[in-house]
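Have a look at it first, then read on.

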Amino acid sequence: MTAEEARNSRYSTEDEKPGHHNTFNLLVFDYLNDIERKIRQVMRYTDATVYSLKDLCNRKDIVDEIMRLLDEAGFKVVAEANCNIELDMEWYDLFITWKK
C-alpha cells in the first residue's frame, strides 16, 4: 500500500459525524465489541479492567458515546485523559468495573 492509497481510503471528518454513512456508530460499536471481548477474557478472575483508547486520539465524542453505552449496560466507567503536548494528542484510558 502506498501513502496515497492510505490517504484516499480515509473517511473524512464529515463522514465520521453521527448519521453520516453510519461511520460514527460503526466506530463506537467496533470498540464496544473489542471491550466486551476483553471483559470476557478477565471476568472470571477480576471485577475490573483497563481499556486504553490510544488509537482514538482527539475523538472525545466517540469516547463519550462508548462510556454512555457502557454505563447504560450497567458498567461503571471512569476515563483518564492522557496527552502529548508536543504532538497535540489526547487519548483516554477507560477504567471499567462491573462489581456492585
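Predicted model: local features only at pLDDT ≥ 70, side-chain atom pairs only at ≥ 80, totals over all residues.

The protein's accessible surface comes to about 7,200 Å², with areas taken from the Shrake-Rupley method with a 1.4 Å probe and, for residues, only the protein chains shown counting as cover. Carbon and sulfur atoms hold 52% of that surface. Residues are numbered from 1 along each chain as its sequence is written, and side-chain values use heavy atoms, leaving out hydrogens and water.

**Overall layout**
- There are three helices and three strands, running α-α-β-α-β-β from the N terminus on; helices (H or I, at least four residues) and strands (E, at least two) are DSSP runs, numbered from the N terminus.
- The C-alpha trace spans about 50 × 35 × 25 Å along its principal axes.
- Of the 100 residues, 29% count as buried (under 20% relative accessible area; exposed is over 50%, partly exposed in between; 1.4 Å probe, protein chains only).

**The hairpin**
- Strands E2 (residues 76–84) and E3 (residues 89–97) run antiparallel and are joined by nine bridges; two strands pair if DSSP finds at least two bridges between them.
- Glu 80 stands opposite Asp 93 in E3.
- Four residues sit between E2 and E3, and Asp 88 in the turn has a positive phi of about 55 degrees.

**Arg 59**
- Arg 59 lies in the loop between strand E1 (48–52) and helix H3 (60–72).
- Arg 59 is buried, at 17% relative accessible area.
- Leaving aside residues up to four places away in sequence, Arg 59 touches Glu 16 and Phe 24 (contact means heavy atoms within 4.5 Å).
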